[in-house]
Amino acid sequence: MAQQNIEALTFNVLNQTKILSAALSCYFILGKQQSKMQVLSLCLLILSTLVIERIVNPASLSLLSSGGGAFGIGKALKGVSGAFASLRSGDAGRRFTHGVVPLLVASMISGTAGALTQLSTQ
């Protein structure tokens, strides 16, 4: 269902959240902590997902890195609220409820299943 309601690029990027789900599930179920490099990689994965989904504007990220400080954070958060407000329209709302949400739920289930499988084999 999700693949029919979102673009191929969005599907592929959101499908990568399985990695985040697996890492979180391993942390909560198995108690395995990630290294600093792995945490940084997971943060970059989340950030790229937010940029691809147009929830965070890449221009606001450049303000953060160039010393925009609180102004840059405020602008990024304004972009987040604007993205969620745009979901109220019919087509975008269907894309979100029938595309993004099912894919994220499936990724979460997949990550949890991987952690539970690893737990049962130990």
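Is the crossing of helix 3 and helix 4 left-handed or right-handed? The structure examined here is a predicted model, in which local features need pLDDT of at least 70 and side-chain atom pairs count only at pLDDT 80 or more, while totals for chains, interfaces and linings use all residues. Residues are numbered from 1 along each chain as its sequence is written, and side-chain values use heavy atoms, with hydrogens and water left out.

The secondary structure of the chain comes to seven helices and zero strands, where helices (H or I, at least four residues) and strands (E, at least two) are DSSP runs numbered from the N terminus. Of the 122 residues in the chain, 26% are buried, a term that denotes under 20% relative accessible area, with exposed denoting over 50% and partly exposed the range in between (1.4 Å probe, protein chains only). Among contacts (heavy atoms within 4.5 Å) between residues at least 6 apart in sequence, 72% join residues at least 24 apart.

Helix 4, comprising residues 36-52, has 17 residues and spans 24 Å from its first C-alpha to its last, close to the 24 Å expected at 1.5 Å a residue, the expected span being 1.5 Å times one less than the number of residues. The buried residues of helix 4 are L42, L45 and T49. They cover an arc of only 55 degrees around the axis, which places them on the same side of helix 4; the arc is that of the directions from the helix axis to the C-beta atoms. These buried residues pack against helix 2 (8-15) and helix 3 (17-30), whereas the face of helix 4 turned away from its buried side carries the exposed residues K36, M37 and L44. Helix 4 is followed by R54, whose phi is positive, near 60 degrees.

Helix 3 and helix 4 pack at an angle of about 140 degrees, with their axes 10 Å apart, the axes being lines fitted to C-alpha atoms over the stretch in contact and the angles running from 0 to 180 degrees between N-to-C directions. That angle makes helix 3 oblique to helix 4, given that angles under 35 degrees count as roughly parallel, over 145 as roughly antiparallel, 65 to 115 as roughly perpendicular and the rest as oblique. The crossing of the two helices is left-handed, that is, the near helix is turned anticlockwise from the far one by less than a right angle. The contact is made by T17, I19, L20 and A23 of helix 3 and by L42, L45, I46 and T49 of helix 4.
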